[in-house]
Amino acid sequence: MPRILLLEDDTEIRLGLEQHLRREGFSLIPVGTGRDALLALNASGPKLDAALLDLSLPDMDGLDVLRAIRTHATLRALPVLLVTARSEEIDRVLGLELGADDYISKPFSARELAARLRAILRRSTPFEGGERTPQLTFGPIAVDLDMHTARVDGQLVELTRREFELLAYFLANPRRVLTREKILQQVWGLEYLGESRTIDAHVRRVRAKIGETAAEFIETVVGVGYRLGGPSGS
């Protein structure tokens with residue numbers, strides 16, 4: 001049973017989410033403040049499988065909790081779904097830039113929320129057809145699927161789980177134009193219900209982490225998506 005940290009300051013909404021998500025087969029650790037969320041994250045006990053974070057909190061910004069997760073020694077790869085009532089695009093984009101796996105805006109249906117949680121909980125890296133190759137390389141970039149490591153010119157690169165899956169998907173499909181919709185379906189694991197800017201934010205972070213030289217291999221195909229390396233034969 002997946003164990004989820006549920007951070008929601010509105011008691012009525014939190015209780016409703018608890019009831020629905022438990023029916024959907026999730027185990028919940030419900031908290032109402034950022035401080036309680038940080039305490040739960042640092043508490044000993046059964047490991048967390050994901051976090052559902054409200055951004056608007058009475059004591060701190062929900063993004064501060066996200067930052068704490070992404071800098072935590074053992075939780076940095078924890079899947080995170082942001083919940084926001086904010087209409088400003090900058091808040092959603094900033095959350096993705098800080099390492100959130102996805103976001104959902106209020107109001108939302110409980111069914112959609114459960115679907116998104118299940119999607120970010122999928123651990124396996126998706127690949128299309130053929131047998132799974134444990135090591136993938138392209139130019140100076142290499143990933144080891146069994147060890148879940150990424151290297152550039154032999155140097156280890158620290159990536160979140162979703163960033164690793166995205167980079168691995170590019171390496172598994174070199175020189176192919178991958179649409180944003182296709183990447184979202186394959187890496188995020190469902191018929192995506194949100195906006196394709198999610199993929200753009202994750203690509204920016206991957207490029208920044210692998211360095212300028214390696215980042216040049218991830219090409220933007222304007223109006224379509226991305227491609228690792230130029231067309232075949234180039």
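Where is Phe 26 found? In this predicted model, where local features need pLDDT of at least 70, side-chain atom pairs count only at pLDDT 80 or more, and totals for chains, interfaces and linings use all residues, Phe 26 sits in the loop between α1 (11–23) and β2 (27–31). Residues are numbered from 1 along each chain as its sequence is written, and side-chain values use heavy atoms, with hydrogens and water left out.

**Overall picture**

The protein has nine helices and twelve strands; helices (H or I, at least four residues) and strands (E, at least two) are DSSP runs numbered from the N terminus. Of its 234 residues, 49% are buried, where buried means under 20% relative accessible area, exposed over 50% and partly exposed in between (1.4 Å probe, protein chains only). Among contacts (heavy atoms within 4.5 Å) with a separation of 6 or more, 63% are between residues 24 or more positions apart.

| Residue | Location | Relative accessible area |
|---|---|---|
| Phe 26 | loop between α1 and β2 | 3% |
| Leu 53 | strand β3 (residues 50–54) | 0% |
| Arg 116 | helix α5 (residues 110–121) | 4% |
| Asp 200 | helix α8 | 17% |

Let's start with Phe 26. Leaving aside neighbours within four places in sequence, Phe 26 is in contact with Met 1, Pro 2, Ile 4, Leu 21, Ala 114, Leu 117, Arg 118 and Leu 121. The C-alpha atoms of Phe 26 and Ala 114 are 9.0 Å apart, although 88 residues separate the two along the chain.

Leu 53 touches, not counting residues up to four places away in sequence, Leu 5, Leu 7, Gly 62, Val 65, Leu 66, Ile 69, Val 80, Leu 81, Leu 82 and Val 83. For Leu 53 and Val 83, 30 residues apart along the chain, the C-alpha separation is 5.7 Å.

The other two residues take part in polar contacts, meaning pairs of N or O atoms within 3.5 Å; within protein, one must be able to donate a hydrogen and the other to accept it, and residues adjacent in sequence count only if both atoms are side-chain atoms. The side chain of Arg 116 pairs in this way with that of Asp 102 at 2.7 Å. Asp 200 and Tyr 226 are joined through their side chains by a polar contact of 2.6 Å. Beyond its neighbours within four places in sequence, Asp 200 is in contact with Arg 180 and Tyr 226.

**Helix α3**

Which residues of α3 are buried? In this helix (residues 62–70), they are Gly 62, Leu 63, Val 65, Leu 66, Ile 69 and Arg 70. They lie on the same side of α3 because they cover an arc of only 155° around the axis, the arc being that of the directions from the helix axis to the C-beta atoms. At the start of α3, a side-chain oxygen of Asp 61 comes to within 2.8 Å of the backbone nitrogen of Leu 63.

**Where α6 meets α8**

The axes of α6 (residues 161–172) and α8 (residues 197–210) come within 10 Å and cross at roughly 85°; axes are lines fitted to C-alpha atoms, for helices over the stretch in contact, and angles run from 0 to 180 degrees between N-to-C directions. The two helices are therefore roughly perpendicular to each other, a term for angles of 65 to 115 degrees. From α6, the contact involves Arg 162, Glu 163, Leu 166, Leu 167 and Phe 170. From α8 come Ile 199, His 202, Val 203, Arg 205, Val 206, Lys 209 and Ile 210.

Notes
Parallel < 35°, antiparallel > 145°, perpendicular 65-115°, else oblique.
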